[in-house]
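Let us walk through this structure one part at a time. Keep the sequence and the 3D view side by side.

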Amino acid sequence: MLREILAITGKPGLFRIVSHGSKTLIVEDLKSKKRFPAHARDKVVSLGDISMYTDEGDKPLGEILDLVYAHNDGKVVDVKGLVKDGKLREEFEVVLPDFDKDRVYDNDIKKLFTWYNILVEDGMTKFTVEEETEEATEETEA
């Protein structure tokens, strides 16, 4: 599910892959629904490939987003309020207590909560279901 959602460096928001051509991807902004090409020179990262540092290793972004969703009962996070009150890290520590406090910065947490809000507003409720289904299918085939 998160594999088709992209972050593009230099462009705010998140994007869904619509189509692809040679050296370009056609993407759609999740908020405005406007489509445009992302060229080979753009740094494009799939959310399915992102993870965060924890004390035990790396944790996939999808699992963290599921934890945020469960903690907030599917409601959006007041990112601006948390930043203003200086409680960004405290809120994230409730969600993921074993995150690496030295290598995860406030900007990373802010971006995670912002992405979570965009995804929830777009109607997503599960962030790891598809990956687990694919793994189960691969195991069945083997």
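Start with two helices. Helix H1 covers residues 61-71, and it packs against H3 at an angle of about 100°. The axes of H1 and H3 are 9 Å apart. Angles of 65 to 115 degrees count as roughly perpendicular, so H1 and H3 are roughly perpendicular to each other. Keep in mind that this is a predicted model.

Which residues make the contact between H1 and H3? From H1 come Ile64, Leu67, Val68 and His71. They meet Glu91, Phe92, Val94 and Val95 in H3.

Now stay with H3 and turn to its other partner here. Helix H3 spans residues 88-95, and helix H4 spans residues 106-121. They pack at an angle of about 65°, with their axes 10 Å apart. H3 and H4 are therefore roughly perpendicular to each other. The crossing of H3 past H4 is left-handed.

On the H3 side of this contact are Leu88, Arg89, Glu91 and Phe92. On the H4 side are Asp106, Ile109, Lys110, Leu112 and Phe113. Glu91 and Phe92 meet residues of H4, and they also meet residues of H1.

Next, look at the aromatic rings. How many aromatic pairs does the structure hold? There are 5.

Phenylalanine 36 is partly exposed, at 22%.

Ring pairs also build a cluster from Tyr69, Tyr116 and Phe127.

The charged end of lysine 101 sits over the ring of phenylalanine 99, 4.5 Å from the ring centre. Arginine 103 lies over the face of tyrosine 53. Here the distance to the ring centre is 3.8 Å.

End at a loop. Glycine 10 is placed between strand E1 (5-8) and E2. This glycine 10 is exposed, with a relative accessible area of 75%.

Conventions:
Residues numbered from 1 in each chain as written. Predicted model: local features only at pLDDT ≥ 70, side-chain atom pairs only at ≥ 80, totals over all residues. Heavy atoms only, no water. Phe/Tyr/Trp six-rings, centres within 6.5 Å; stacked < 30°, edge-to-face > 60°. Buried < 20%, exposed > 50% of the residue type's maximum accessible area, 1.4 Å probe, protein only. Lys NZ or Arg CZ within 6 Å of the ring centre and 35° of its normal. Axes fitted to C-alpha atoms, helices over the stretch in contact; angles between N-to-C directions. Helix = DSSP H or I, 4+ residues; strand = E, 2+ residues; numbered from the N terminus. Parallel < 35°, antiparallel > 145°, perpendicular 65-115°, else oblique. Left-handed = near helix turned anticlockwise from the far one by under 90°. Contact = heavy atoms within 4.5 Å.
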